[in-house]
Structures are given as structure tokens and as C-alpha cells.
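Student: Hi! I've just opened this one and could use a guided look. Could you walk me through it?

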Amino acid sequence: MISNSQLVNKYFRHNKKFPHIWCPGCGIGTILGNMLRAIDALALDKNDIAFVSGIGCTGRAPVYVDFNTLHTTHGRALPFATGLKLARPELKVLVATGDGDATAIGGNHLIHACRRNIDITTIIFNNYIYGMTGGQYSPTTPHGDKASTCKLGNIERPFNISQLVEAAGATFVGRTTSYHTLQLQNIIKKAILHKGFSVVEVITHCPTTYGRINKKGNAVDMLKWQKEVAIDKSRADKMEPKELEGKIVTGILIEKQLPEFCEQYDNIIEAAQNLKNSKPGGSK
Amino acid sequence: MTQTSKTQNLPTPNNHPRITIFSDWCKSCGICVAFCPKEVLAMTADHEVLVKAPEKCIACHMCELRCPDFAINVEEHATGPDSQKGELQ
Amino acid sequence: MNKKSSYQLMQGNEAAAEGALAAGVSFFAGYPITPSTEIAEILADRLPANGGKFIQMEDEIGSIAAIIGASIGGCKALTATSGPGFSLMQENLGFACLAEIPLVIVNVMRGGPSTGMPTSPSQGDVMQARWGTHGDHPIIVLTPSSVEEAFHYTVKAVNFAEKYRNPVIVLMDEVIGHMRARVSLPPESMVERVNRVQPNMPPEWYLPYERSATGVAPMASFGDGYRYHVTGLVHDAKGFPTANPNESRDNIRGLFTKIERGFRELCIVDYEQMDDAEHAIVAYGCMVLSARSALEQLRSSGRKVGLIKLGTLWPFPRFALEHYLPQLKTILVPELNMGQIYREVLRVNAGKAVIEKLNRVNGTIITPNEIVKTVKGMTR
């Protein structure tokens, strides 16, 4: 296994200032590190990777790593990535996005990317809060929990991101936590290898905002909570819905093969060119 | 960008993994200490991570994988004199 | 080539689509919206037949995002829309300005604000095209006033976008977009194509935002071995976010510098009967058609009237006016809005000539007779 030093030497931009911007104990660095380990295990060429993000704490991930990196506008990482992937289908396109970025402002793009089944791997860093702006409630903040814009408790019901993307047609859905690092690496590896739109939802923690206002303790306490509530799909499948209340099912939740967008578009190009050549004077 | 370390001059016998803390990058979140299954690591009163019992390390790498700051390194075998510096360019 | 066969009957929207293809556009992302939809429909057919790609996105925000992504991947990319869609594009238009991504937006204007008058002509988006996205930024806006120009200006727009690493807007009104005219388009081999400058240094030396003497930095495509960072944050020459005041200043000022250096080339202006003119009509888009017709009548009644036809709205070609101001007594600016270019003309005039506006926002055009009447009133 690649060590942290090797990881830093091989994948980080050596002209970037470290330590990185994330707060002490923040899960984003952990997820980024394990994503890099997954990429390393797959022996992908750095030139062939495009790493795209939106806005928020998670949006700052690409700048640190030595790939083709694109830090877009809030919620729009997926349509940027869609254009890039269509233009360069040979690139492995990875998207890093937070819960607010992916499911609030970018919710429409997320469901349509799922529906299109374009070969992009989207890692959703779900920490239940808008961290960078100071801890406002997000579409995944649990009902009743507090945030700086719902100090008396959230009256909205949260999205279950994995169920959302499954319903929207994602052909690969994996979920894990930033505690379960080996599972995280494994799922990201499989998501990258999956031909089609893949989503990896990573339950993670924001000790600075969500953790503090909800009295969830520090990063260590929040990781322990992730360890407690996570239950692997293989076990969850044998359990009653009542037993699963308050649990988070982890593992590869959906994996199916359906025609991928870019490949289908290649067929369109072929058909259109045949049509053009078959028309009299059609070589215009 | 340089990972630097206040080298902790602890005796690390060659048959034990070499643990390096890059203190300039460490934000003292305590994750490595809390989840080390063998209590190899400890947090000092000054909030610095201390390699307290290197001989107990089983090289499970959980500290490395969970460290949000890429600030801890576990090498199973010393690979040469360079690895003693705890400094990488 | 047989000259006769090169004539075709087509709409402005069709001509814009043909212009995009002739200029080498290989990627289109869009969302259906009247009165621009024909452009998407034509390119959905024609792009794949030419090996290019078309995608219909979930909204206009996604559309401009996708063409930015494709442009970073090395494609010449274009989208087409109308007012409401153009409004949605503004944030990412600003991204493209700051990150210096070449792309073209064809905005076939409709009456606004809001849903407005979807099938009626308007020129209400002139200022939005200039200032619609937040923050200081330069922009290039071309406006065709004939079907043939819809072709040529779209070609120019693509070329300017590539040359200046900047978004270019083709601001077309509904009259030009839907007007059918007999046009003669040049064969593809005769169409000038400008390609963005690619880096030729080793990747480790490449600075994606280090301006060359032209004020524009070479642009690598993702996947070509130059691994670099693109961001909507103010950045340094490496492309990395910065809060350093000097680097921030260089970033923003540099955007203006490159457009200022190209100012003369970017300004397309035509003059009709201006040599001896004492009175001028400043017009663009479909207002040129009314103005031209009015001009004939006014000249035949002995009035020394000329036409200054703006092909470029932004950067505003002030020199075109400044050149003729000493000889002009009056200037009339007819527009299908409440007076958006009128203010620019006022600004440039500095009190030398009498400037009047003629405006209409009811979904109909200003007729030649109305222009004649107004000019006669001004020149009495």
C-alpha cells in the first residue's frame, strides 16, 4: 500500500501551500487521501484524470492534486464534467461535491446526470451542513438537528442521497463513511471502473459547524458515531426495516450495466454520417 | 511543499514499522491516537502526537488512512538512510 | 464553384448554425427556447454528421457549463438561447470570463423582462450582455443586421473567442433570427478559422495564465499532458487561487488588457453615406433595415443623413462616432428597448451634437417612416 509520503510525493502539487485549508479533523482530507489511494491502486495515468468540483469546502479539493483540475461554480460541477467528458471521452472524470453543492443548488444536474448514465464518477462528501459559509442547514441535515439557520431545529426532511440517485437512474451507487477507509477505497475503485454514471456517497463529519452546534463532540466522536451507525449491505439485507432505523447501510448498493451516454453518442455519429453519405450530394 | 518533521528520536528497531509524524502538517485532531488499535500513539499536553510505543505497531496503517492531513507515515521497513530524515521534498 | 448554386434561402438562425459549423464548432449544448430553437435543432442534426457532438442539457445553466467543459477539453463550443436562458447563464458566463475559456453564446433576443414576449422582437439585452454577470469583466458582443451577417458574425465570434480566450456573445434580434433571405455563403475552405494558441513548452514550464505579448496566454486542453488548474476564484499565473493584492490586480486587469489590445480588430462598424453627412442614424440589428430604408427617403428629400451601423456593441466602438462627431449636427438612435446604446452614444458625444432616441418596447419594430419623421423633426 502506498504510504502518505509516497502519496504526497506522487499526487500532490508541490507548489501548493500545505497544510491544506480544511479544519482540524475534517473528513474531506481523509476522503481525498483514500480517493488518491484508489486511483493509485488502479495505476491510472495522471494525465488521463480530470478532477472536477463545485463550491464549498469539498470544492477546494482539486487544487491540491496533480491532475487536470477544474474548480467550477456552485452546484455545476456535473454539467462542466459532462461537457468535458463528451469532448474527451478517454479521460477518467471524477467529480467531488458536497451535500449542498450536489443536492441543493446542483440537484437538478445530479438527477439528470444519473438519468443520462454518462461515464463520470461522482463522490458526494455528505457532512450534513454548509461548512464553508458557517454551518447553515443543507438538504441532508437530519430532521430536528440544528444549524445556524435553524437554531431551533430543522423542520425539513433530509434527502437520502443514495436513494435519490438510485431513483434517478444511477447505474452504480456506493455508500460508506470516512471512518471505513478501506471500504471507501474499494468502492471508489469499483466506481471508477464502472462504465456509466457512478455515485459514491461518503458520510463524513464537520466537527466545526455541524458537530459543534449539535453537540456531537469532536472529530473522533463523530467518527465513532459513523462506525456505530454503519451497517454493511450484506447484513442489512437480512434485517427488518425496524432494525435498520437510525442505521446507515453501506457498501455497493446498486451496480448494473446500461448503455453509456458517450458510447451511445458514438453510435449517433456513425448513424448520422451514414445518413449524410447516403444522401445524393450529401457530402456537403 | 515540504513535509517536515520534528524527528522523534525514539528507538525504532528495524523489525518494527517506522512511524513519522509531520508536525508542520498535523492539526492535532487526535484521530490517529483515538483509533490506533494498539495504543502506539498518544497526545501530549501540548497537543502534539507522540509515538509512545512504536514497538507495539502492527502496521495496520489505520492512522495513515484516517489522517485528514497526510501528516503521519508508517513504513514497514526502513528503506535506507534517507528515510531517517523524516523529510521529503 | 457555380455561383448560382451558392445562393440559398435561409433564416438568420440557420445562418448562425451554418456559421458555427464553418468556423469549426464541434460542440453544442443547449436547452430549447424560443426564438433560438432552430439553432439547436440544426446543430443536433449537423454536428454528429461532421463528427461533432450535441447535447440537450437540463437547463441553460447546465448548457453553458457543458460548453465550458468541452472548451477546456479542446472543442470550439457554442450555445444558443434567448433572454430567460441568457439570464440563467450569467454566473457561468462570468466563470468563462475569469477563467478565460473560449466560447460563443448566440442570444436571439425576445421581449423582456421575464418571460416577456417570447415570439416578438426586442433589443433589450444589450446591457445585460455587457454587465449581466457580476464583477468587472470585459466582454465581446457582436450583433448581425442581416441573415448573411448572422453567418459571418458567428464565424467571427468563434474566431474572436479562440483568439482572445474570452466568451463572445452574438446578440441577434428575433427579426434577424427568423427572417428568411437569399444569402450567398462562402465555401468552407474560404472561411477563416482561428484556433486558440496551444502551449509548446514542456508541461512543467507551462503557466496557463501567463500572458504573452498579445495579452493572451496559450491554452492547453485537458488530457494533453499539461495538468493545470482552472478555477472561478481570482488566480495567479499558475491558475491557483490567490488573495495577494498584486496577483489579484494582475488577474483582473489582464482581462481588460487583452481586449484593449484587440480593440480595433474587435470593433466592426460600417458606414453608409457618412462622407458628407450632417445627421447620422446609429443603428444595429434589425433597426439597420428600417434605418437604411429611411435613409433613402431622407436623402431623396435632400437631407444629408448617413448611417453608422454597429456590428460590435461591446467593446463599444467609440472611435466610429468620434470620427464623425465634428461634422454631425444630430444623431438619432432607434432601438427596440428603452435606450441602451443611446446612453453610450450620449457618453461618447460629450455635448457636440444633438442626440435623440427613438424607442419601442411593444413587440413591434420601428418602421422606416417613423425614423424618417423623427429625423425630419430633428433636422427642421
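Tutor: Happy to! One term to begin with: a residue is buried if 20 or more other C-beta atoms, placed from the backbone, lie within 10 Å of its own, exposed if 12 or fewer, and partly exposed in between. This is a predicted model, where local features need pLDDT of at least 70, side-chain atom pairs count only at pLDDT 80 or more, and totals for chains, interfaces and linings use all residues. Residues are numbered from 1 along each chain as its sequence is written, with chains lettered from A and ligands numbered from 1 in the order in which they are written.

Student: How many bridges pair E2(C) with E3(C)?

Tutor: Four, in the parallel sense. Two strands pair if DSSP finds at least two bridges between them. Within this pairing, C:Gly30 has C:Gln56 in E3(C) as its bridge partner.

Student: Switching to helices: at what angle do H3 and H4 of chain C pack?

Tutor: About 30 degrees, with the axes 7 Å apart. Axes are lines fitted to C-alpha atoms, for helices over the stretch in contact, and angles run from 0 to 180 degrees between N-to-C directions. That makes H3(C) roughly parallel to H4(C), a label for angles under 35 degrees.

Student: And what kinds of residues meet there?

Tutor: Nine nonpolar, two polar and one charged. Ala, Val, Leu, Ile, Met, Phe, Trp, Tyr, Cys and Pro count as nonpolar, Asp, Glu, Lys and Arg as charged, and the others, Gly among them, as polar. On the H3(C) side you'll find C:Ile61 and C:Ile64, among others, and H4(C) brings residues including C:Leu88 and C:Phe95.

Student: How many residues of chain C are in contact with chain A?

Tutor: 37, and they touch 38 residues of chain A. Contact means that C-beta atoms, placed from the backbone, lie within 7 Å. H3(C) gives the largest share of chain C's side, nine residues.

Student: Which strand of chain A is joined to E9(C)?

Tutor: E2 of chain A, residues 68-71, which runs parallel to E9(C) and is joined to it by three bridges. There, A:Thr69 partners C:His229.

Student: Last one: what pattern does chain B follow?

Tutor: Along the sequence, β-α-β-β-α-β. Chain B has 89 residues, and 35% of them count as buried.

Conventions:
Helix = DSSP H or I, 4+ residues; strand = E, 2+ residues; numbered from the N terminus. Parallel < 35°, antiparallel > 145°, perpendicular 65-115°, else oblique. Contact = placed C-beta atoms within 7 Å.
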